[in-house]
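Student: I am new to this structure. Could you walk me through it, please?

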Amino acid sequence: IEDKARKARQKLIFEYAIRNEINNIFFGHHADDLIENFFIKLEMQAGIFGLSSSTQEKIFRWNGFYFKLIKPLNFIYKREILEFAKKENIFFVEDEGNFGTYFKRSRIRSKMEEALNLLEITKQSIVNCVKNLNQEAKIISLRLEYIFTNVIKFDGDLGFFSGNDDIFLLSDLELQLCIKQIIFYFTEKCEVRRKEFENTILKLKNKQKFTLGGILIFPSKERIFFIKEPSKVKDETYCGIWDKRFKLSEGFHKSTENIPKIILKTIPTLGEFKPIPFKILYD
């Protein structure tokens, strides 16, 4: 229920933003939300990007459109916000779901104070931990930017990725993070678990053809190609964006020389088009 409600809210917000050409969207998440999210991600065995995802600003992609999500209240506690609202006579409502125990987040919220006292951990220590993880995640992002500039390159004409021989010099963790970013680009989600990447990286190093998380990885002419799995391509357009990856346009011509034919199955066949730019995203 919560997942469906979240997707419904996203649809309302982002469709309004697209219609009105809005790129920056502000949310009211506060420090208590950040702490709850940290524990939820911890249970999911998330990596550094997941555990530090509650940053004040991040780029988010929805149906091929990029938005900057801004959370100015991220490090302010709910108690402080409520005190301010009451002092300034600002009307607010409380979600009924905040008081029950049906949803996991509500159960975590109801036991938070008790658990932190038992563990002798303060809320501020968790907030500071997330801040530190966020700084470290930025360093990893810089490394990923280097790799996607020099080792695995995005084709700005046809919207696919290809890597040179230096890809085999990357560490297993670097390969995993890069593949995850490529999956995000093609599918806007990544549901691949950590254990699945172990076999994946072995196949990649052995130059085998395989699929993972909605993408197809294959060797061709001393390069490794990463494309959307052809069977997953949706031949449909939403707000001028085809398959969430290509912006339909006019007068934009592409060359398909020396391009593996299978790639042509993953791009629009009618009209002119331009791929959505690739950006590194937090998960």
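This is a predicted model: local features need pLDDT of at least 70, side-chain atom pairs count only at pLDDT 80 or more; totals for chains, interfaces and linings use all residues.

Student: At which residue does helix H5 bend?

Tutor: Helices (H or I, at least four residues) and strands (E, at least two) are DSSP runs, numbered from the N terminus. A bend is the angle between axes fitted to the seven residues ending at a residue and the seven starting there. H5, residues 104-119, bends by about 50° at methionine 112.

Student: Which residues of H5 are buried?

Tutor: Buried means under 20% relative accessible area, with exposed over 50% and partly exposed in between (1.4 Å probe, protein chains only). The buried residues of H5 pack against helix H2 (31-43) and helix H6 (123-150), with contact meaning heavy atoms within 4.5 Å. They are Ser106, Met112 and Leu116.

Student: Why is S8 largely enclosed by the rest of the structure?

Tutor: Strand S8 covers residues 223-228. S8 is largely enclosed because five of its six residues are buried.

Student: Which residue in S8 is the bridge partner of serine 220?

Tutor: Two strands pair if DSSP finds at least two bridges between them. S7 and S8 pair in the antiparallel sense over six bridges, and they form a hairpin with two residues between them. In S8, the partner of serine 220 is arginine 223.

Conventions:
Residues are numbered from 1 along each chain as its sequence is written. Side-chain values use heavy atoms; hydrogens and water are left out.
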